[in-house]
Amino acid sequence: PKWFQLYFNADAGVTRSLLERAKAAGYSAIIITADALGPGTSDAFLSMSSPFPAGATFGNHDPRYGGKGDFFNQKVELTPADIEFVKKITGLPVIVKGILRGEDAVVAIDAGADAIQVSNHGGRQIDGVPSAISQLQEVADKVGHKVPVIFDSGIRRGIDVVRAISLGATAVAVGRPVLYGIAVGGVGGVASVIEHLKTELRTAMLLSGARTLKDLAQGFIRNKETEH
């Protein structure tokens, strides 16, 4: 299954084109990126000077591939109405990615979001932002069981998956490890990363006493708040 991660363009016509092309290409869900409405400002990001090579194009906007518009012309005033806009054009489920506050999750769900993705964009957008895992429980508690809660940012080992599921995530998304795998070994590298995570997850569950993912709950996590 393919999900399309949308960076909302300030030009509604460009956004509509992206959505229509994604649906025509067989994507089964749309992810609205809500936490990267411009270039990253973290020290690590800025230290790269210009991370985009001169003359580089963004494939989704490249006219040679049916695209149009400027990727950097992103819409900065996202509203709940944008969720309805995406659903009206595509008829597909919508995931809102980049949520770190419970109240924002409620607003997105009330506007029609079919899932919430807790993420701080890998921590590369802005320095000082809380870790995604530290906000997961707050968001999950607010969401309840209304929609699935996906978690990303910092998943590196099987025990990270256990932590996320225990704190309320329905599923996790894996970013950088997959990129490392494809850089080193192509398709086989990606497969090895996923298999390694699965093996570590099984071991972590075994040693934690969880027979199934459904067994994992907040009682499996100890932090400063639960110690008192």
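Predicted model: local features only at pLDDT ≥ 70, side-chain atom pairs only at ≥ 80, totals over all residues.
Along its principal axes, the C-alpha trace spans about 55 × 40 × 35 Å. Within these dimensions, 38% of the 228 residues are buried, and the accessible surface comes to about 12,900 Å², with carbon and sulfur atoms contributing 57% of that area.

The fold is built from seven helices and six strands, which follow one another along the sequence in the pattern β-α-β-α-α-β-α-β-α-β-α-β-α. Among contacts with a separation of 6 or more, 64% are made by residues 24 or more positions apart.

Helix H3, which covers residues 80-90, shows how one of these elements is placed in the structure. Its buried residues are Asp82, Ile83, Val86, Ile89 and Thr90, and because they fall within an arc of 135° when seen down the axis of H3, they line one face of the helix. The cover over these buried residues includes strands S1 (3-6), S2 (29-33) and S3 (94-99), together with helices H1 (12-24) and H4 (102-110). On the face of H3 turned away from its buried side, by contrast, stand the exposed residues Glu84 and Lys88. After H3 comes glycine 91, which has a positive phi, near 70°.

Returning to the whole protein, there are 24 positive and 23 negative side chains, and the centres of these two sets lie 6 Å apart.

Note on methods:
Residues numbered from 1 in each chain as written. Heavy atoms only, no water. Helix = DSSP H or I, 4+ residues; strand = E, 2+ residues; numbered from the N terminus. Buried < 20%, exposed > 50% of the residue type's maximum accessible area, 1.4 Å probe, protein only. Contact = heavy atoms within 4.5 Å. Areas by Shrake-Rupley, 256 points an atom, 1.4 Å probe, with all protein chains shown as cover. Lys, Arg positive; Asp, Glu negative; His and termini not counted. Charge placed at Lys NZ, Arg CZ, Asp CG, Glu CD. Arc of directions from axis to C-beta.
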